[in-house]
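Me: Hi! I'm new to this one and would like a short tour. Could you walk me through it?

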Amino acid sequence: MNRFPPKLFCFAALVGALFFSCGEDGSPACPPPLLEGEIADPLYGDQWHLKNTGQGGGTATEDVNVEPVWSNSEGATRGQGVLIGLVDDGLEIGHEDLAANVVPGMSHNYLNGSSNPSPSSSEDAHGTSCAGVAAARDENACGGKGVAPRAGLAGFNWLQASSDNRLVDAWTREVDISSNSWGIGGLRGRLSGPRESLLEDALNAGVTTGRGGKGRIYLKAAGNNHCPPGAESCPSLIMDNANYDAENTWKEVLMVGGVGDDGERAFYSEKGANLWVSAPTEGRAEHAITTVDLMGSRGWNPDPEVSGNYEDLSYTNKFNGTSSATPLVAGVVALVLQVNPDLTWRDVKEILAETARKNDPGDLEWVENNAGYHFNPNYGFGVVNAQAAVTAASTWTPVTVPQITFTTGLKSVGVSIPDNNDPGGVSDTISVSGSGITFIEWVEVTFSASDHTYLGDLQVELTSPDGTKSVLAEVHGCFTAGGIISSCGTSYSDWLFASATHLGEGADGDWTLEAIDGALNDTGTFQSWQIKFYGR
């Protein structure tokens, strides 16, 4: 059983929450010096996601490579002066390992209108644990540390009182980074009408006015439904995909997947052409993430004798999912913004893509696009590399040209899709010219096969003029709250897919969309499609 040693002193202290700055550098409150014999962060040795030495049977160096950043030759980079907002189920602002980093007055409780989103229920520990992954305080003789252990924290308990208007409010609060470890899930391929406009307007406001016009950084968990609950491996036809959820297809939001301590995709982590990067979380052998828990017997760790968790109930070694991967990337972004606060939201996305580590190199789904970016729908551009990202950010010249868009006309196709994996399926080509985009930043495809009786039969693939292929949808089973069902009960009607795969390529040329039916009995028609490009 993994035990937490008896805690002699813990200096995060509630009083630390009163002082976000200490000294002229604007860094968060400084903890008192350690006493003789104390361990700076006693659980740090368990935090393989920060430094993987092979503990627990993991693969050494399969981590986010952050230690060199904390002690680089030009001075410590630990997220000072950068504010991370957690849009979640709450944040225990008085937690001993978080309080020194919580910025007074910047959080919001949607239940009572106060600036204290500390949860009252034992079931609402999720946001607090996310905050610990991002920015648990270092060198205070308690717990472990976050990837950005001196970054500021704010919490918004939207999940306790969810509504679109409250989500808009949370997304437009004055934080530098918005970390969203939640998902609605299910087969929801397009938002439409007033709701789409409301949420899209909020994101657009965030990237145009946030951070003094440089743009707020939005991150979101890709999802944990690649397999049915409890499955240890994925049946080939049963998988959810990050591209099947409308909330995962916005260009402003950086999607995050999860890998285990062996560097391979966590079996539940949803893949997708819209994935941007991945980060460590629980994968094989239930080797999960060590982070803070609600203080006392509430939260994930109420009884260590039963769960095999820490004796100190204010911490857990059981946190997991793309929920933990997302605030880990948020912490890396905080380090990046500290070294170069002039970066725009577009710069941050490109830095992470350019510096991500190509993990699991033997996986057959890796492609190299014509701009030299490696991409894999299991991992996006790879696992975040804090040292490489910070190094790149320190000399990065911000993008100053506006992001432009180009949308093709909606093209009617009207061709029947052969049943049961007929070689090649059916395809159609749209020729793009005069787009003005020589560097693609994001691609959206609107696809309709609304008379096809089972959308799970279809594989949908987009191929660029350079020959780079995006798999937008795969043959898959469909889910309901009760499990797998025999029919999706819907179809690809004006379905919006997104792809990061073509980053850096040009938009002009022939783009081909292919629809392949991969199973018997259900048929339909490739009715229409359209492409929208974002870039410069």
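Me: Where is T290 found?
Reply: T290 sits in strand 7, residues 289-292. Strands (E, at least two residues) and helices (H or I, at least four) are DSSP runs numbered from the N terminus. This is a predicted model, where local features need pLDDT of at least 70, side-chain atom pairs count only at pLDDT 80 or more, and totals for chains, interfaces and linings use all residues. Residues are numbered from 1 along each chain as its sequence is written, and side-chain values use heavy atoms, with hydrogens and water left out.

Me: Is T290 buried or exposed?
Reply: Buried, with a relative accessible area of 4%. Buried means under 20%, exposed over 50% and partly exposed in between, using a 1.4 Å probe and protein chains only.

Me: Which residues is T290 in contact with, leaving aside neighbours within four places in sequence?
Reply: Those are L43, D46, Q47, H49, Y310, T316 and N317. Contact means heavy atoms within 4.5 Å.

Me: Switching topic, how many residues of helix 2 are buried?
Reply: 10 of the 10, residues 126-135, so helix 2 is largely enclosed by the rest of the structure.

Me: And what covers those buried residues?
Reply: The cover of helix 2 includes strand 1 (83-87), strand 2 (152-156), strand 7, strand 8 (315-319) and helix 6 (322-339).

Me: Which residues touch the most other members in the largest nonpolar core?
Reply: W171, I177, W276 and L352, out of 96 residues. Helix 6 gives the largest share of this core, 10 residues. A nonpolar core is a set of buried Ala, Val, Leu, Ile, Met, Phe, Trp, Tyr and Cys residues joined through side-chain atoms within 4.5 Å.
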